[in-house]
Amino acid sequence: MAKIGVIVPVYNVERYLKTCVGSILAQTFSDFELILVDDGSTDASGMICDQYAERDQRVRVVHTENRGVAAARNRGLEENQNEYIAFVDSDDWIAQEYLETLYRVMEEHQADLVISGGINVVEGRKVKPSVSGERAAERISKAEAYKRVLLCEDGASVVTWAKLYRKTVFQSVRYPEGEIHEDSGVIDQVIESCERIVVTPYRGYYYFRRRGSLVHGRFSPAHMAAVRNAKRLWEVARERYPAIEDAGKVHYLRTCFNILNLTLADPDHALESKRLRAEIVRETRFFFSCRWFGLVERTAALCLLPGLSGYKRMWRLYLRVTGKRSGTVVS
């Protein structure tokens, strides 16, 4: 048994897999087991996984039929016998000191969950180095952890990666199978399963935003799971932590905006566009009363008032002016 089990769901990523696995095997912290869950890949991904297992005894491969990333993560959880758990997506990679840094924080604070940040990387652009941060790691309450992941404060977010978990956190938690955006389907359960939560300013996880990925590809009705999950997280915040209800509402409205922007490229999904616009417009006043919204989001909310056609033109202009389709951003 190793200290950390690193779970990597793998599906048709032969182009990116070596970068991902190579970054894990090159860690300064060596007491880990790498669990590669091949989710029924039809390219060379499964073979590449097997080759790594033959060369490095820390690597274990599980081949399954294709059931999606949530099912692959759940299978990894079932296979894991190690004290701590880290997740890495198969088209991402981690800095050389990533596991060592999170493990040290976990041990120093005897935490159940360590939350760090990620570095967004857009295909074909320069990659920024990992960030150590100037502040020390700090223990926070469940309410504070919930607020930070909902607002993406200090690099925290609802995503599964860029975190280190004690194995017991997942004793009764599993990812919802059959849907994308499954991370937001469990983050509240994860937080509630923890006694000690620590956040660190360190950022050493590289999140690769590639065209054609499940989350960043063209809109499909499956993306509406993100909206449903965000609405549920808002309700959880209102019921359990009323003082941070607005954080849940902010997360929900930002999710609506993100999915709305995906729908705009496809006229076949006009119904979803109209529904999301209605959700946002209903809360126009909130955009101006809530301190967590900035000028860009408030302007976007105003642009939606006349209708979708004007907003669509403004959205395209915003992308051209800001270059948001390219570059590397820390978030």
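**Strand β1 and its neighbours**

Q: What is the bridge partner of V6 in β2?
A: In β2, V6 has L34 as its bridge partner. The chain goes from β1 through helix α1 (residues 17–25) to β2, where helices (H or I, at least four residues) and strands (E, at least two) are DSSP runs numbered from the N terminus. This is a predicted model, in which local features need pLDDT of at least 70, side-chain atom pairs count only at pLDDT 80 or more, and totals for chains, interfaces and linings use all residues. Residues are numbered from 1 along each chain as its sequence is written, and side-chain values use heavy atoms, with hydrogens and water left out.

Q: Why is the β-α-β crossover from β1 to β2 called right-handed?
A: The term applies because, with the strands pointing away from the viewer, the path from the first strand over the helix to the second runs clockwise, and the crossover through α1 is right-handed in this sense.

Q: What makes β1 and β2 a pair?
A: Two strands pair if DSSP finds at least two bridges between them; β1 and β2 (residues 32–39) have seven, in the parallel sense, so they qualify. Four bridges join β1 to the parallel strand β4 (residues 84–87), where F87 stands opposite I7.

Q: Why is R285 called exposed?
A: R285, in helix α10 (residues 284–289), has a relative accessible area of 77%, and exposed means over 50%, buried under 20% and partly exposed in between (1.4 Å probe, protein chains only), so R285 is exposed. In β1 (residues 4–10), by contrast, seven of seven residues are buried.
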